[in-house]
Amino acid sequence: NQGLPVITRSFASRQIRPGETWKAYLHACDPEGKMNYLVAVVEQPGVGCYPVSRTRIQEENCKELSGYIYLNTLSGAANRMGFMNLTLTVQIQDTAGRFSEPIVFSLSMNRLFNRGAPPEGVFQEKDLGPVMIRLQAIAGS
């Protein structure tokens, strides 16, 4: 594991309302300063895995980063859904193509839910980029 990027802290609300933006907060570091991409995979029951989303890590964050990636649930599909579950798996890829250990977040969407807030003072409120997928409605929902 020596020299690999490490996600040291993470947080994402486990519940949001459809149409809200879901933020996954990360604190990560790489002693060699070679973090290159945030790699995210979204899995949705009834749909399967979406294509991999790769977000380039800005140069000033290659050694250490704190902030959030986000998934926009505003698509028409999410607005038609009363309830949905998702899984988001995030890893950091370095310039040598090696990956950090994965962090897995679970999300339930329901019109009755309120979004949880990250712990205060742990993460920067810094936009690290979007998870580039568009949620799909499941037939019959």
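Threonine 87 counts as partly exposed because its relative accessibility is 26%, where partly exposed lies between buried (under 20% relative accessible area) and exposed (over 50%), with a 1.4 Å probe and protein chains only. The model is predicted, so local features need pLDDT of at least 70 and side-chain atom pairs count only at pLDDT 80 or more, while totals for chains, interfaces and linings use all residues. Residues are numbered from 1 along each chain as its sequence is written, and side-chain values use heavy atoms, with hydrogens and water left out.

Threonine 87 is part of strand 8; strands (E, at least two residues) and helices (H or I, at least four) are DSSP runs, numbered from the N terminus. Contacts of threonine 87, not counting residues up to four places away in sequence, are Val41, Val42, Glu43, Val104 and Phe105, a contact being heavy atoms within 4.5 Å. Between threonine 87 and phenylalanine 105 the C-alpha to C-alpha separation is 5.7 Å, and the two are 18 residues apart in sequence.

The protein chain as a whole contains 10 strands and one helix. Its elements follow the order β-β-β-β-β-β-β-α-β-β-β from the N terminus. The radius of gyration is 15 Å, close to the 14 Å that the globule rule gives for 141 residues, so the chain is as compact as a globular protein of that length; the radius is taken over C-alpha atoms, and the rule is 2.2 Å times the number of residues to the power 0.38. Along the principal axes, the C-alpha atoms fill a box of roughly 50 × 30 × 20 Å. Buried residues make up 44% of the 141 in the protein chain. Of the contacts between residues at least 6 apart in sequence, 76% join residues at least 24 apart.

Nonpolar side chains tend to be buried together in soluble globular proteins. Here the largest nonpolar core has 29 residues, and Leu88 and Phe105 have the most contacts inside it; such a core is a set of buried Ala, Val, Leu, Ile, Met, Phe, Trp, Tyr and Cys residues joined through side-chain atoms within 4.5 Å. At least two residues of this core come from each of strand 1 (6–12), strand 3 (21–29), strand 4 (35–44), strand 7 (64–72), strand 8 (83–94) and strand 9 (103–110). Strand 8 supplies the largest share, five residues. Beyond four places in sequence, leucine 88 touches Trp22, Ala24, Ala40, Val41, Val42, Ile103, Val104, Phe105 and Val131.

Valine 39 is located in strand 4 and counts as buried, at 8% relative accessibility. Isoleucine 92 is 53 residues from valine 39 in sequence, with 5.9 Å between their C-alpha atoms. Residues touching valine 39, apart from those up to four places away in sequence, include Val52, Arg54, Val90 and Phe99.

Two further positions are partly exposed. Threonine 8, in strand 1, has a relative accessible area of 40%. Leaving aside neighbours within four places in sequence, threonine 8 is in contact with His27, Ala28 and Cys29. Proline 119 is placed in the loop between strand 9 and strand 10 (127–130) and has a relative accessible area of 36%. Its C-alpha atom is 8.1 Å from that of phenylalanine 11, although proline 119 and phenylalanine 11 are 108 residues apart in sequence.
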